[in-house]
Structures are given as C-alpha cells and as structure tokens.
Amino acid sequence: MRCLVTGATGYIGGRLAPRLLAEGHTVRCLARRAGRLRDVPWAGQVEIAEGDLSRPESLAGVFDDVDVAYYLVHSLGQAGFEDADRQAASAFAEAAHAAGVRRIVYLGGPEPAAGDASSAHLRSRTEVGRILLDSGVPTVVLRAAVIIGSGSASFEMLRYLTERLPVMVTPRWVSNRVQPIAVRDVLRYLVGCVDLPPEVNRAFDIAGPDVLTFGDMMQRYARVAGLSRRVLLPVRALTPRLSSHWVGLVTPVPNALARPLVESLVHEAVAHEHDIATYLPDPPEGLTGFDRAVELALVKVRDAEVETRWSSAAGRDAPAEPLPSDPDWSGGSVYTDVREQAVTASPEALWRVIEGVGGQHGWYSFPLAWSVRGWLDRLVGGVGLRRGRRHPHQLRVGEALDFWRVEEIVPGELLRLRAEMRLPGRAWLEMQVRRDDGQVRYRQRAVFLPRGLAGHAYWAAVAPFHAVVFGGMARNIAADAERTAVEAPPAAR
C-alpha cells in the first residue's frame with residue numbers, strides 16, 4: 001500500500017513510518033518543512049511532501065495515489081487548539097475524499113463516559129474522530145488513554161513525578177482508573193489497520209491488559225525502577241489546574257501540555273470494548289503489561305536508544321525565517337554577540353563537544369545563570385531546560401534541546417539552535433568549527449531579533465552578563481575539546 005503519514009516529525013508518526021516501511025509499504029510523509037525529516041535514519045526511503053493542514057491550498061497532490069492516510073497531528077498545548085484541530089481535520093478529510101483515499105486511520109483519545117464533562121483535550125480528540133468518520137472515506141479511530149513508551153509525554157510525566165518525589169501531595173484524579181497501553185502495541189494496531197476490510201468505519205478502544213489508578217502506576221513504576229515505595233498524600237483541594245502547574249515544575253512537560261494531560265486524567269479512561277481483536281488478534285504472548293512496558297522504556301532510556309520524544313514536534317508558530325545567516329533582515333534591528341576561541345585540538349574533537357551540548361552536559365558556563373533562566377521560563381509557561389535531549393551525543397534537525405530547537409546541522413562544521421523560551425523577540429545560537437590557515441577555531445554567535453520596545457529592553461538588561469555567560473561558554477567548550485582530545489584513545493580521535 002501507499003501510506004501517507006502526517007505528524008511524521010512527532011512522537012508516534014516518527015515511529016510509525018519506519019515500521020510501515022519494514023512491512024513493505026510505500027510511505028509518503030507530510031511535513032510543513034521537508035528539512036525537519038532530513039536527518040531521520042529512514043529519510044532516504046520515504047517521499048516527503050511539503051504542506052500544512054491549516055492551509056488547504058498547500059495540499060495539492062499530497063493525497064494522490066494514497067491508499068491509507070494516517071492522521072497523527074494535533075495542536076495540543078497551543079492557544080486555540082480546538083479550532084486549529086477542527087480546521088486541520090476538515091481539510092484532511094476533504095482532501096482524502098477528493099483524492100479517493102481508501103482508508104483513514106486516526107489515533108485519538110478515550111471518550112468520556114456519558115454525563116461526564118470532558119476536558120477540552122478529550123472533547124477535541126472526539127470531535128476530530130467524528131469529522132474523519134463522516135468524511136465519506138472508511139475510517140478507523142483508535143482510542144488510547146495513557147501511552148507508555150520511552151519519550152512519550154505520559155511516560156515522562158510519570159517517570160519524573162515518581163523519581164523526584166518520594167513523598168507527593170496528590171490530587172483526587174490520582175485515584176481515577178486508567179488502562180494504559182504500551183507504545184509497541186499502539187504501533188502494531190496502527191500498522192495492522194492497513195489491511196482492515198473496507199466496510200470497517202468505526203472507533204475502537206485500544207488498551208493494555210492492566211487497569212490501574214495513576215497512583216498504582218507510580219508505585220509500580222517505582223518497583224520496576226528499583227525505587228522505594230512512594231508516599232502519596234491525597235489533598236481534595238488540589239484542582240487539576242493547580243496540579244498541572246506542579247507537574248510543569250517537576251517534570252520536563254511544560255504547563256501548556258501538562259494542563260490538558262492532567263485534565264484528561266480527571267475522567268476514568270478504561271476500555272469499554274476490545275472489538276479490535278476481531279480484526280487484529282492479540283499476539284500469542286498477549287498484549288504488553290504495564291510493568292513490562294515500563295521495563296522496556298527504561299532500557300531504551302538507559303541505552304540512549306529513544307527513537308522519538310514528545311518534544312520532537314514543533315509548534316505551528318515556530319519561526320522558520322529569517323535565519324541568522326540571512327544577509328537581509330528586512331530592515332529590522334538585530335543584536336549579536338560573537339565570540340571566537342583558538343583550539344589546540346582537532347576539528348573532530350571540537351565538533352564532538354559542540355554536538356554534545358545541553359542535557360546532562362550542560363552549557364559550559366555559569367550553570368546557576370542557565371538554571372535560573374530555565375526556571376524563569378517555566379514560571380511564565382515556557383518549556384524551561386528540562387526537555388533535555390533525545391540522545392547524549394547525537395542531534396537531528398528539528399529536535400528539542402533544552403529550551404532550544406535544532407534548526408540546522410552541518411556535521412563537523414555548524415550547529416544552529418533556535419530559542420523556544422519565552423522571549424520578546426526571536427533568538428538563535430550558532431556554534432561553528434572553523435579552520436583558518438591550519439588553526440582550529442571555535443566561533444559562537446548569539447543573535448536576537450527584538451520585538452518592540454520590550455525586546456530592546458530585554459537585550460539591554462541581559463547584555464552585561466554576556467561576557468560571563470557567552471564568553472565563559474566559548475572558553476570552556478574550547479577547553480573541553482582540548483581535554484577530551486588528550487583523554488580519548490587514538491581510535492576515537
């Protein structure tokens with residue numbers, strides 16, 4: 001089959017595409033910017049189409065000759081996400097119907113029980129499923145609650161809460177029942193939907209074998225991870241909104257995403273049927289249990305083999321232009337801070353340090369200042385520093401890196417990061433390996449494009465600290481490259 005995967009830069013889509021390829025299908029990926037998929041291992045095996053579901057005119061030809069179209073996008077965490085998702089689903093449905101697509105597959109969320117006031121998140125997911133089911137194209141809606149897998153937002157929320165809080169004041173929703181599902185089982189269902197009979201046009205609940213409360217999941221995670229039993233102290237007055245702020249402070253998941261996730265946990269999310277097994281029988285060994293799913297996820301985290309993370313997808317408002325390398329800034333003001341440092345190490349040694357910045361390695365200068373900046377960003381609803389990185393030594397275009405996103409990589413030469421912290425303007429940080437007359441030099445450039453008076457005031461306020469922060473960063477990166485070059489065995493140089 002020829003399969004169209006939307007959301008291929010995201011958590012599920014980025015894992016589904018290579019599995020469809022492994023089954024012998026032809027895959028076309030829809031992305032707003034083709035470059036976002038440039039560095040994924042399977043990029044050379046798929047067709048990449050540029051288009052945006054929020055702009056139906058950009059979808060011309062995208063659905064041509066497609067047999068199965070996967071809808072794996074959402075605007076969760078952005079302002080007005082319900083309207084955005086409604087419009088995107090409508091554009092997708094119309095384009096698929098017009099092109100004669102044979103099947104639509106959508107991964108949605110659980111449908112609340114009758115009489116429950118659903119969260120905006122679940123209400124939007126249900127509405128999107130209804131739009132696709134009414135499209136005139138046979139559609140399968142897979143309704144999953146909490147997905148357990150390395151890098152998923154639900155798993156990282158569970159992981160950080162459990163590991164960092166041996167004693168936790170808990171809201172009422174911690175006692176609500178949930179039926180989680182392992183990401184490997186979600187992907188098995190998504191791939192299997194390719195072969196469903198054409199008359200199937202309905203929603204299916206998909207879930208793992210265990211029905212647990214969120215508190216149960218924390219205790220069982222602690223046991224699998226070798227931690228002591230956690231102490232949970234229920235407090236009825238802790239509302240979902242307040243608890244989402246707490247989740248945002250303690251975990252890498254920012255407030256904007258934590259809030260809809262927490263609000264959806266207010267409702268019990270237990271599967272009401274298992275009809276999907278009529279068409280896609282359970283594997284001989286059965287569906288993956290919660291403990292096994294956690295164990296598998298922790299192995300992936302430990303071995304730095306996380307395929308995709310919840311932070312992989314960038315928001316719709318992520319700026320693509322202007323780039324700091326552009327010669328013309330359209331007449332706008334631009335501030336720069338440029339640092340250069342000679343390095344008595346090989347270009348390869350310097351590049352290894354550059355590509356390893358952030359995450360557990362930090363930012364090579366004034367850790368307290370970086371930490372405070374991250375906390376301030378979290379307090380105003382930003383992503384902060386806790387997103388970390390997917391892999392300790394390797395980066396891909398489009399990946400999140402603490403409160404930056406990788407915008408460009410030229411291996412061995414250039415790393416460009418775009419700021420995603422809350423700022424009165426746009427900011428980039430470039431790190432380069434340069435070779436001048438046989439000498440290796442490290443060049444670092446911070447670029448800030450202010451927005452209004454607040455932007456100019458911001459730069460004036462932080463400029464006095466640049467000598468310490470950016471100057472120290474340049475010196476320490478150079479020094480670390482020299483140190484690691486001496487310590488590395490000859491084969492690694």
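Helices (H or I, at least four residues) and strands (E, at least two) are DSSP runs here, numbered from the N terminus. You are looking at a predicted model, in which local features need pLDDT of at least 70, side-chain atom pairs count only at pLDDT 80 or more, and totals for chains, interfaces and linings use all residues. Residues are numbered from 1 along each chain as its sequence is written, and side-chain values use heavy atoms, with hydrogens and water left out.

**First stop: Tyr364.** Select the loop between helix 11 (347-355) and helix 12 (367-379), where you will find Tyr364. Its phi is near 65°, a positive value in a residue other than glycine.

**Next: Ala304.** Move to the loop between helix 10 (290-302) and strand 14 (335-343), which holds Ala304. Phi of this non-glycine residue is also positive, near 55°. With 17% relative accessibility, Ala304 counts as buried.

**Then the nonpolar cores.** A nonpolar core is a set of buried Ala, Val, Leu, Ile, Met, Phe, Trp, Tyr and Cys residues joined through side-chain atoms within 4.5 Å. Select Ile12, Tyr70, Leu107, Leu142 and Leu190: these have the most contacts inside the largest core, which has 42 residues. Elements giving two or more residues to this core include strand 1 (2-6), helix 1 (13-22) and helix 5 (183-192). Helix 5 provides the largest share, six residues.

Now centre on Leu190. Leaving aside neighbours within four places in sequence, Leu190 is in contact with Ile12, Leu16, Tyr70, Val105, Leu107 and Leu142; contact means heavy atoms within 4.5 Å. Finally, select Ala345, Ile354, Trp404 and Phe470, which are among the 41 residues of a second, separate core.

How values were computed
Buried means under 20% relative accessible area, exposed over 50%, partly exposed in between (1.4 Å probe, protein chains only).
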